[in-house]
Amino acid sequence: MSPESAEALQHVRDRRDVNTAIFRCTRAPGSLVLEREGNPTPDELVQALPPDGARLTIYELAFAISEGSRKHETLLILWMSSNANAQEEAWTAAYETMKEVLPNSHIHLTARRAEHLEYRRLVALAG
């Protein structure tokens, strides 16, 4: 991970009003650049991802558990549309690196279609 990528990740961790960071790869192998940050709903997250590309996303999912309390889980999502297959090797390398940088994120998934990021499915994975 490049110093710029690590700095962007730390920036997102420090912000309380941000639950999402979307990264794109640069031409340098393994180098990520923060493309967008914000506080989207799962539906808005899907809309923010390119329909014909790939992105690496850190998403803090908030949901209620059966006792009624709120829970938060950090998800690491590799968005890989069907049109981005040629880029899969580079993205997979960045994804593996990010797993090491996020030791508290236990939920890692590869999403290839919008249905893979539906709220109920994400909660099922996190819960």
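Helix H3 buries Trp 91, Ala 94, Tyr 95 and Met 98; buried means under 20% relative accessible area (1.4 Å probe, protein chains only), exposed over 50%. These residues cover an arc of only 105° around the axis, which puts them on the same side of H3. The arc is taken from the directions from the helix axis to the C-beta atoms.

This is a predicted model: local features need pLDDT of at least 70, side-chain atom pairs count only at pLDDT 80 or more, and totals for chains, interfaces and linings use all residues. Residues are numbered from 1 along each chain as its sequence is written, and side-chain values use heavy atoms, without hydrogens or water.

**Helix H3**
- Helices (H or I, at least four residues) and strands (E, at least two) are DSSP runs, numbered from the N terminus.
- Exposed Glu 89 and Glu 100 sit on the face turned away from the buried side of H3.

**Strand pairing**
- Strands E3 (residues 54-64) and E4 (residues 70-80) pair antiparallel over 11 bridges. Pairing requires at least two DSSP bridges between two strands.
- Glu 60 stands opposite Thr 74 in E4.
- The hairpin of E3 and E4 has 5 residues between the strands. There, Gly 68 takes a positive phi near 95°.
- E4 also pairs with E5 (residues 107-111), in the parallel sense, over 5 bridges.
- Leu 78 has Thr 110 in E5 as its bridge partner.
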